[in-house]
Amino acid sequence: MKPLELALEYLNIFFNTGNPDTLSQICQDDLQFEGPFYRYRTAEDYIAALKSDPPLQADFEIINQFETQSAACVVYKFTKPGVATTMAQLFEVRDGKIQRILLVFDSGAFQK
């Protein structure tokens, strides 16, 4: 899959399927995840965290998206009860799988 296809599949799994285990099919084992609240250094650790604290009642609406040969970026409106904010995720790809995810958003939206 191309980087943008992988990014959109990731978002579909994250927000719609309720099955984070399937992320292992599109992520490298040594996945690096970095966001305002958490950092993970393996896909296994990241998936375990999603399983223990799933993103319940969360949704997204894409604002913009683009890709290069080795990366994709998706900017979207994130919503869940009591929270609405713009997020951006940069997905870096290696050998047809996501190797690094950088999640950027204003964490203050979650502290109300």
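How many residues does helix α1 have, and how far does it reach from its first C-alpha to its last? Helix α1 runs over residues 3-17 and so counts 15 residues by the DSSP assignment, and in this predicted model its span is 20 Å, close to the 21 Å expected at 1.5 Å a residue.

The buried residues of α1 are P3, L4, L6, A7, Y10, L11, I13, F14 and F15. As a general point, an α-helix has 3.6 residues a turn, so residues three or four places apart point the same way. The partners against which the buried residues of α1 pack include the helix α2 (43-52) and the strands β1 (27-34), β3 (59-67) and β4 (71-80), and β5 (83-94) and β6 (97-105) are also among them. F15 gives a view of a single side chain in this setting: leaving aside residues up to four places away in sequence, F15 touches A58, D59, F60, Y76 and F78.

Nonpolar side chains tend to be buried together in soluble globular proteins. Here the largest nonpolar core has 34 residues, and those with the most contacts inside it are Y10, F15, L23, I26, Y46, Y76 and I98. At least two residues of this core come from each of α1, β1, α2, β4, β5 and β6, and the largest share, eight residues, is supplied by α1.

We can now turn to the charged side chains. Side chains of opposite charge can pair when their charged atoms come close, and a search of the whole structure finds six salt bridges. One of them joins D30 to R94, with the closest N and O atoms 3.1 Å apart; because D30 lies in strand β1 and R94 in strand β5, this pair ties together parts that are 64 residues apart in sequence. D30 is partly exposed, at a relative accessible area of 33%, and R94 likewise counts as partly exposed, at 33%. R94 also meets D95 in a salt bridge, at 4.0 Å from N to O, and D95 is exposed, with a relative accessible area of 71%.

Another salt bridge is formed by R100 with E34, whose closest N and O atoms are 3.8 Å apart. This pair links distant parts of the chain, since R100 is in strand β6 and E34 in strand β1, 66 residues apart. R100 is partly exposed at 24% relative accessibility, as is E34 at 25%. Both belong to a network of salt bridges that links E34, R39, E92 and R100.

Terms used
Residues numbered from 1 in each chain as written. Predicted model: local features only at pLDDT ≥ 70, side-chain atom pairs only at ≥ 80, totals over all residues. Heavy atoms only, no water. Helix = DSSP H or I, 4+ residues; strand = E, 2+ residues; numbered from the N terminus. Expected span 1.5 Å × (residues − 1). Buried < 20%, exposed > 50% of the residue type's maximum accessible area, 1.4 Å probe, protein only. Contact = heavy atoms within 4.5 Å. Core = buried A, V, L, I, M, F, W, Y, C linked by side-chain atoms within 4.5 Å. Salt bridge = Lys/Arg side-chain N within 4 Å of Asp/Glu carboxyl O.
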